[in-house]
Amino acid sequence: PAVVALAALAGYVGFQAMLKERAIEAGQVHARTHGLGDVTVNALPQAFSPFRWMVIIKGTERYWYAHINVLHHEPPPVSEQASGWLARYSGAFQSIDRAVWQQVRQFGADEAEAALSRRIFHEPRFGFYRWFASHPVLYRVERQQGGDCVWFQDLRFHFPGLDRPTFRYGMCQNGSEWLPVRWAGEGVRKIIE
């Protein structure tokens with residue numbers, strides 16, 4: 001039984017490696033076809049199926065990403081009013097040839113916000129997040145009377161159909177000082193000591 005279990009495990013790992021290569025190849029084809037230049041491509045396995053992958057293309061301060069199903073069969077159509085997050089999640093994974101590629105700038109599209117978010121991202125007290133995040137992007141900049149906040153999220157924790165925050169961190173202004181904070185919901189900040 002142990003040998004059979006070990007063989008099954010090795011087979012599954014090999015199968016996953018083959019699927020990852022196929023997902024990465026889809027990203028490389030997209031990058032070549034659209035002339036994205038010098039980029040790196042990564043594929044992250046997704047939940048509930050070995051055929052679901054998030055493909056991320058990293059350029060200079062820019063990402064392109066898509067949720068794909070490398071098995072090449074279409075998911076059932078999902079309406080915007082689908083009641084369950086699992087139905088919305090499953091419906092987001094398209095076949096490679098029908099992948100919906102989204103582009104996001106790492107520090108935002110607005111030049112003033114990009115300059116601020118770039119500066120905050122490189123703050124020494126935000127080093128824990130730079131170490132943790134593999135594909136960090138600006139979530140948003142909040143301009144408030146009590147002080148501005150600059151929020152980031154990691155694309156690897158962007159799950160389609162799931163609207164609650166996952167691993168969003170930022171820096172919030174407290175007078176002239178910027179403090180590291182964790183997003184705990186709309187308008188809720190938890191200061192990190």
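This is a dialogue on reading a predicted model.

Trainee: What kind of model is this, and how are residues numbered?

Mentor: The model is predicted: local features need pLDDT of at least 70, side-chain atom pairs count only at pLDDT 80 or more, and totals for chains, interfaces and linings use all residues. Residues are numbered from 1 along each chain as its sequence is written, and side-chain values use heavy atoms, with hydrogens and water left out.

Trainee: How many helices and strands does the protein have?

Mentor: Helices (H or I, at least four residues) and strands (E, at least two) are DSSP runs, numbered from the N terminus. Here there are four helices and ten strands. Along the sequence their order is α-β-β-β-α-β-β-α-α-β-β-β-β-β. The C-alpha trace spans about 60 × 45 × 40 Å along its principal axes.

Trainee: What share of the residues counts as buried?

Mentor: Buried means under 20% relative accessible area, exposed over 50%, and partly exposed in between (1.4 Å probe, protein chains only). Of the 193 residues in this protein, 41% are buried.

Trainee: Which residues have the most contacts inside the largest nonpolar core?

Mentor: A nonpolar core is a set of buried Ala, Val, Leu, Ile, Met, Phe, Trp, Tyr and Cys residues joined through side-chain atoms within 4.5 Å. The largest one here has 17 residues, and those with the most contacts inside it are Ala-23, Leu-36, Val-39, Trp-53, Ile-57, Ile-68 and Val-70. Two or more residues each come from helix H1 (2-33), strand E1 (40-45), strand E2 (52-59) and strand E3 (62-69). H1 gives the largest share, five residues. Apart from this core lies another, of 15 residues, including Phe-107, Leu-116, Phe-121 and Phe-126.

Trainee: Which residues does Val-70 touch?

Mentor: Contact means heavy atoms within 4.5 Å. Not counting residues up to four places away in sequence, Val-70 touches Leu-19, Arg-22, Ala-23, Phe-51, Trp-53 and Ile-96. For the protein as a whole, take the contacts with a separation of 6 or more: residues 24 or more positions apart account for 50% of them.

Trainee: Is Asn-69 buried or exposed?

Mentor: Asn-69, in strand E3, is buried because its relative accessible area is 9%. Neighbours within four places in sequence aside, Asn-69 is in contact with Phe-51, Phe-93, Gln-94, Ser-95 and Ile-96. The side chain of Asn-69 also reaches the backbone nitrogen of Leu-71 at 2.9 Å.

Trainee: Why does Lys-20 count as partly exposed?

Mentor: Lys-20 counts as partly exposed because its relative accessibility is 32%. Lys-20 is found in helix H1 and touches Asn-42, Ala-43 and Trp-53, not counting residues up to four places away in sequence. Its C-alpha atom is separated by 20 Å from that of Gly-59, 39 residues apart along the chain.

Trainee: Where is Arg-168 found, and what does its side chain join?

Mentor: Arg-168 is in the loop between strand E7 (149-154) and strand E8 (169-174). Arg-168 counts as buried because its relative accessibility is 11%. A polar contact is a pair of N or O atoms within 3.5 Å; within protein, one must be able to donate a hydrogen and the other to accept it, and residues adjacent in sequence count only if both atoms are side-chain atoms. Such a contact, of 2.9 Å, joins the side chains of Arg-168 and Gln-153. Beyond four places in sequence, the contacts of Arg-168 include Tyr-139, Trp-151, Arg-182 and Trp-183.
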